[in-house]
Amino acid sequence: MAAKASRFDGPSLEDAPLGSRPFAFVLSGGAALGSWQGGALFALSEESGWRAHSVVGTSAGAINGAAYLQGDLPLLQELWRSIPRARFMKWSLGFRPPRLWSLESVGEYLSEVISEESCRKSRRCWFYPVSSDVANGETFQAEFSPDPAGPWQGPLIEKLLGSMAVPFLFPPARIAHETPGLPARVLVDGHVTSSLFLDRLARRGVRDFVFVNVISEWEMRRPLFSPRGLIGTLIHQLLEAQIENGLEPFRFGFQELGVRAFVLRPSRPLEVSVFRFDANECRAAFDLGIADARTWAANPGPTRVL
């Protein structure tokens, strides 16, 4: 497989502008912080005209990725600039399993704005929502192909819910295993394992990876040591670990493919309460995402990490 891929005869690394070779958006989670990511994705796709070969999304990133897959970029504006929190964040306090909010209400809302039929028809890109399967002890990177004959591991909404089911806040999503006879999958937020299988994308032609991460450089350099700050620092490290784990195969192999990776981050810490989904906060973060993406797209070179 690697020998076949090594015959890639596109532009050289030095001559190929980002976006000119097959690339993938890799969208981190972050709950309401995903509003900034939605703005960045909107700007790169709607304004800059970038067309991704593949999109990998975890948690909030999976929701943004599904909107991209559907080809409905205005939906990103609807999701984040006028977010209807009351429609999907509904209390469901319980202990078996422990939870604060209902996953069912989130699914009802997503079913209203994401159409699996429309996603199938758009054939816009490969899409990989990422979750952690705690029943089988593995990262589950579902596959949705733009090829009618390719894999389509639906239902799509189930995979989105599994990707965003943060333990202790939402119950896990229990779904049938795609292989008959194997135990059902019990899916939780993909950042629990913080792993990605990006080598699969490279084998399918991806040569550039654009990580759209919701944590600013300032936050990564200055961990906080208050009780609330320690939780935030842990979240930051989980998001960052996904980048490192995803790129590990390319640091020790696949060099012949000439793979590159870049990271787009907020220009400053986002003033967003992670699970409040405040409409004003999300609107401001979405608009900042647009501005940051415009600046970044003009000169992504300094953010290259591979």
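Helices here are DSSP runs of at least four residues, numbered from the N terminus. The structure is a predicted model. With that numbering, helix 3 is followed by Gly 71, whose phi is positive, near 75°.

Helix 3 itself covers residues 60-70, and eleven of its eleven residues are buried. Buried means a relative accessible area under 20%. The buried residues of helix 3 include Ala 60, Gly 61, Ile 63 and Asn 64. Tyr 68, Leu 69 and Gln 70 of helix 3 are also among the buried residues.

Part of the surroundings of helix 3 is helix 4. Two packed helices are described by the angle between their axes and the distance between the axes. For helix 3 and helix 4 the angle is about 150°, and the axes are 7 Å apart. Helix 3 contributes Ile 63, Asn 64, Ala 67, Tyr 68 and Gln 70 to the contact, while helix 4 contributes Leu 73, Leu 75, Leu 76, Leu 79 and Trp 80. Sorted by class, the residues in this contact are eight nonpolar, two polar and no charged. The spacing of some of these residues can be read from a general rule. An α-helix has 3.6 residues a turn, so residues three or four places apart point the same way.

Helix 4 (residues 73-81) also packs against helix 2 (residues 34-47), at an angle of about 160° and with the axes 9 Å apart. Angles over 145 degrees count as roughly antiparallel, so helix 2 is roughly antiparallel to helix 4. The crossing of helix 2 past helix 4 is left-handed. On the side of helix 2, the contact is made by Gly 34, Ser 35, Gly 38, Leu 41, Phe 42, Ser 45 and Glu 46. On the side of helix 4, Leu 73, Pro 74, Leu 76, Gln 77 and Trp 80 take part. By class, the contact of helix 2 with helix 4 has six nonpolar, five polar and one charged residues.

Ser 45 lies in helix 2. Is Ser 45 buried or exposed? Ser 45 counts as buried because its relative accessibility is 7%. Leaving aside neighbours within four places in sequence, Ser 45 is in contact with Phe 25, Trp 50, Tyr 68, Leu 73 and Arg 124.

The next stop is the loop between strand 1 (23-27) and helix 2, where Ser 28 is found. Ser 28 is buried, with a relative accessible area of 4%. In sequence, Ser 28 and Ser 59 are 31 residues apart, yet in space they are 7.2 Å apart, C-alpha to C-alpha. Not counting residues up to four places away in sequence, Ser 28 touches several others, including Gln 37, Thr 58, Ala 60, Gly 61 and His 191. Val 212, Asn 213 and Val 214 are also among the residues that Ser 28 touches.

Ala 31 lies in the loop between strand 1 and helix 2. Ala 31 counts as buried, at 12% relative accessibility. The backbone of Ala 31 has a positive phi of about 50°, although Ala 31 is not a glycine. Most residues other than glycine have a negative phi, and most peptide bonds are trans. Arg 123 is another residue other than glycine with a positive phi, near 45°. Arg 123 sits in the loop between helix 7 (116-122) and strand 5 (126-133), and is partly exposed, with a relative accessible area of 48%.

Cis peptide bonds also occur in the model. The bond from Arg 96 to Pro 97 is cis, with omega near 0°. Pro 97 is in the loop between strand 3 (91-95) and strand 4 (98-101). Gly 154 and Pro 155 are likewise joined by a cis peptide bond, with omega about 0°. Pro 155 is in the loop between strand 6 (138-141) and helix 8 (156-164).

The last stop is strand 10 (residues 260-264), where five of the five residues are buried. Which residues point one way from strand 10, and which the other way? Arg 260, Phe 262 and Leu 264 point one way, and Ala 261 and Val 263 the other way. Strand 10 runs parallel to strand 9 (residues 208-212), and five bridges join the two. Within this pair, Phe 209 stands opposite Ala 261 of strand 10.

Technical notes. Residues numbered from 1 in each chain as written. Predicted model: local features only at pLDDT ≥ 70, side-chain atom pairs only at ≥ 80, totals over all residues. Heavy atoms only, no water. Axes fitted to C-alpha atoms, helices over the stretch in contact; angles between N-to-C directions. Parallel < 35°, antiparallel > 145°, perpendicular 65-115°, else oblique. Left-handed = near helix turned anticlockwise from the far one by under 90°. Contact = heavy atoms within 4.5 Å. Nonpolar A, V, L, I, M, F, W, Y, C, P; charged D, E, K, R; others polar. Buried < 20%, exposed > 50% of the residue type's maximum accessible area, 1.4 Å probe, protein only. Pairing = 2+ DSSP bridges.
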